[in-house]
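Dear colleague,

Please read them alongside the model.

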Amino acid sequence: MHKTFHFVLFIVLTLGAEWQTGLDHVIKNQPQLTLTSNYPIHTQVEILFDKQFSEVPEVLLMFEQVTFESMLDVDINLSLGQVTKSGFELRYRLGGPARVQQLKVRWVAFVDNNVQLTYREFNFMQLRELRQGFGVREDAFTHPVNGNIQSPKVSAFLVGFKMNPENGPYALQINCALDPEMQNVNLNLKTKDTTHVRYVKVAVILVGTGSKAITKQGGIDSRGFNYFEEQSTTGIRRIDYKQNVPDTFLTAPQDNILSQGLRGFEANSTESELISMSLDKYHVFDDNYEMNFGPLNGTLIYSLDFSILLHEPTKIEKMTMSHLRRK
């Protein structure tokens, strides 16, 4: 009697890491979130991934647009609830009294051993120079680098802040850089004039050799050419911003995972009572990254700082072997 055994072997090779991105705009002129005086307001959204991850991913949050009332304390904080292979909880906390009219949140979920993501919170007592005073003030902090991340590049994203402008514009800027030994990230928080910063939450991301992701930091200072002041204060005004990107990201631009978030700003309001900052209409083409951004209605943007995260598409190959037999 002869028995034939069929042995089937599936080999799945994952080249690169797993990345997905999305956008949440649940806070958009909703009376129950913007017109109440019962602060703080807590709300949460369940985000489901398009494809399930092979393991529980890290999730990066960032502001892509924020609009709030001027001349009042503004308090915004993003956080994560439970994260699984299938999705996560995105939690909003609005502290008031300034009403947040719109908040557009970009998220990036990933499984990548060559990326380090950390959320850092700085409270009232830590922000000694930023919480009071006049003129330009700065506070400096350090953050350790995971020794397994080789030759990292660092960027930061704004995730939460609480501040009060005393008869002046809102201003907050975050800069980050690696020390010469690449053992620590030097974080610099800056404000100016009469803006009093009480709380800051930052997402710090380091991308090392071996990951196909890249990060870039950029910014525009409009005071050099008075672009925004010369334009109409109705509607959205824009400035084009371009950066070179490696050729490897241009093979299929429409498939690249491209995300961006606010890193800092200095803004004031004239005809409108709202401060509005937005980043939008971004894409990769030819050998440049291009972004158009600008304020809304009566907002004057003096400076706008942002970070960019770009990743090549994940490629998965499957090999099937079913030719082994034993009699």
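This is a predicted model: local features need pLDDT of at least 70, side-chain atom pairs count only at pLDDT 80 or more; totals for chains, interfaces and linings use all residues.

**Strand pairing and ring contacts**

Residues are numbered from 1 along each chain as its sequence is written, and side-chain values use heavy atoms, with hydrogens and water left out.

Two strands are taken to pair if DSSP finds at least two bridges between them. By that criterion β5 (residues 74-83) and β6 run antiparallel and are joined by six bridges, with isoleucine 76 standing opposite leucine 94 in β6. On β6 (residues 87-94) there is also an antiparallel pairing with β3 (residues 41-48), over eight bridges, and here histidine 42 has arginine 93 of β6 as its bridge partner.

Turning to the rings, Phe, Tyr and Trp (its six-membered ring) count as paired if their centres lie within 6.5 Å, and the planes are called stacked under 30 degrees apart, edge-to-face over 60 and tilted for the rest. The count under this rule is ten aromatic pairs. One of them, between tryptophan 19 and phenylalanine 110, is stacked, at 4.7 Å centre to centre with 20 degrees between the planes. Because tryptophan 19 lies in strand β2 (residues 18-28) and phenylalanine 110 in strand β7 (residues 100-111), this pair ties together parts that are 91 residues apart in sequence. Tryptophan 19 is buried, with a relative accessible area of 6%, and phenylalanine 110 is buried at 1%; buried means under 20% relative accessible area, exposed over 50% and partly exposed in between, with a 1.4 Å probe and protein chains only.

Phenylalanine 68 and phenylalanine 161 make an edge-to-face pair, 6.2 Å centre to centre and 65 degrees between the planes.

Finally, a charge sits over a ring if NZ of Lys or CZ of Arg is within 6 Å of the ring centre and within 35 degrees of the ring normal. Arginine 131 lies over the face of phenylalanine 124, at 4.6 Å from the ring centre, and the charged end of lysine 201 sits over the ring of tyrosine 119, 5.6 Å from its centre.

Terms used. Helices (H or I, at least four residues) and strands (E, at least two) are DSSP runs, numbered from the N terminus.
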